[in-house]
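Have the model open as you read.

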Amino acid sequence: MSTFTDASGRLEAAIEHAGVSADTIERLRLPKSVLKVSIPVRMDDGALRVFAGYRVRYDDTRGPTKGGVRFHPDVDVDEVQSLAFWMTFKCAAMGLPFGGGKGGVAVDPKQLSMHELERLSRGYIDAIADFIGPDVDIPAPDVATNAMVMGWMMDQYSTIRRRIEPGVVTGKPLPMGGSLGRDTATGDGAWHVIRTLLPTILPDVEQATVAIQGFGNAGQVLATRLHEAGHKVVAVSDSRTALHHPEGIDVPAARAAKAEGGLQADGAREISADELLALEVDLLCPSALENAITEDNAGDVRAKAIFEVANGPVTSGADDVLSERGVTIVPDILVNAGGVTVSWFEWVQNRNGLPWSAEEVAERLEERMVGETEAILALTEEKGITLRAAAYVHALRRIGEAVDARGAAADFA
Ligand code: NAD
């Protein structure tokens, strides 16, 4: 089954509880537009290489489309379309004035020099410039694209338009109009979701044991917040190494080692990637890529709850196996929504020309994350549905209001 078929199937569980118009459901069946481009890049050795790039705008009923750009060898149209679909529901679930989009380039960025990476980032914007803009579609960071890449992208767009356009891209470096708190926003947001839900979903757990798959931007910040709050991060992994320490990993030291070039932690034992997913822990936080937990390995999971920090890490087949076994799953469109929330703050600051303080960003992020988490939890209790279904119901209702505001079938009868 394609990732998109699996992703869009998730709507089914929500539709019967959302009470939205048939127009809304019909509207969300297909992406608004899908762009595939070729990006020619002159490599350092003089050779020309052409990379495939994508940008999908899934739905813009609630505002300009918003979503990250991923550089990864597995990027294809199915993946980008699925990610744009999730962004649509994520932005609506958080009440942001955005629709959902996403982009990507099929490339292994680890094989590129810095010069090649810059040429690729600028070439991607050259190829999609007519498709994006501060009121149209606003890219942001995702896997393997950081603030520097966003800075190159904003700079290239401004060069093409012959005016400075900071609001075209979020996640930029601070001197180029970035927002304080954007670099830690996804992990910070995930932490607010965890601390809000923990007393309800695991009332007996005060000091949780946690395994984190994916020790990148999102995973590292979340690990730090958990560690600071006295929870025990007992396992972390990246694409090369997985480590387990039953007494708790020294997270700051592991981050320092990763920054130096390789994930390491004193006293930790190296385990396999599969073993990490099967550890007996309170919380499992898949924070790498989609499809980490499928029907094939869901039976091995021994965590009590899963917080989806990555987008789409648990397939719908795995959802069924896990819920039968009583594992609570907190969905991606809520858990990792801190990133796009602070991207919204960045866009607002760019449009106003007035930067906010770190405290203001942190307070507004906390208020939004806790408020929407509580609303989704209340829906779960009211309807007797999963947190995933409740998050989709919450989002669908907001999208439905925006669709119907333009006139629904009943208005034309
Ligand atoms: P990143 O590139 O900073 O980190 C990804 C990490 O995952 C890296 O450490 C990589 O080595 C690791 N990894 C890759 N494959 C792995 C595997 N099979 N097993 C274990 N580790 C593996 O990316 P990120 O920005 O932290 O994004 C991670 C996830 O969070 C993605 O699903 C992304 O879409 C999602 N997300 C990110 C943001 C954001 O603001 N960065 C916002 C929302 C959602």
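Two strands count as paired if DSSP finds at least two bridges between them. Strands themselves are DSSP runs (E, at least two residues), as helices are (H or I, at least four), numbered from the N terminus. Bear in mind that this is a predicted model, where local features need pLDDT of at least 70, side-chain atom pairs count only at pLDDT 80 or more, and totals for chains, interfaces and linings use all residues. Residues are numbered from 1 along each chain as its sequence is written, and side-chain values use heavy atoms, with hydrogens and water left out.

Let's start with strand 7 (residues 232-237). Of its 6 residues, 5 are buried, meaning under 20% relative accessible area with a 1.4 Å probe, protein chains only. Here is how the strands around it pair up:

| Strands | Sense | Bridges | Facing residues |
|---|---|---|---|
| Strand 7 and strand 8 (residues 242-244) | antiparallel | 3 bridges | Ser237 and Ala242 |

Strands 7 and 8 form a hairpin, with 4 residues between them.

What is the order of its 7 strands? They run 9-8-7-6-10-11-12 in an open sheet with mixed pairing. Strand 9 (269-271) and strand 12 (328-330) sit at the edges with a single partner strand each, so one side of each has no neighbour in the sheet.

Key
Buried < 20%, exposed > 50% of the residue type's maximum accessible area, 1.4 Å probe, protein only.
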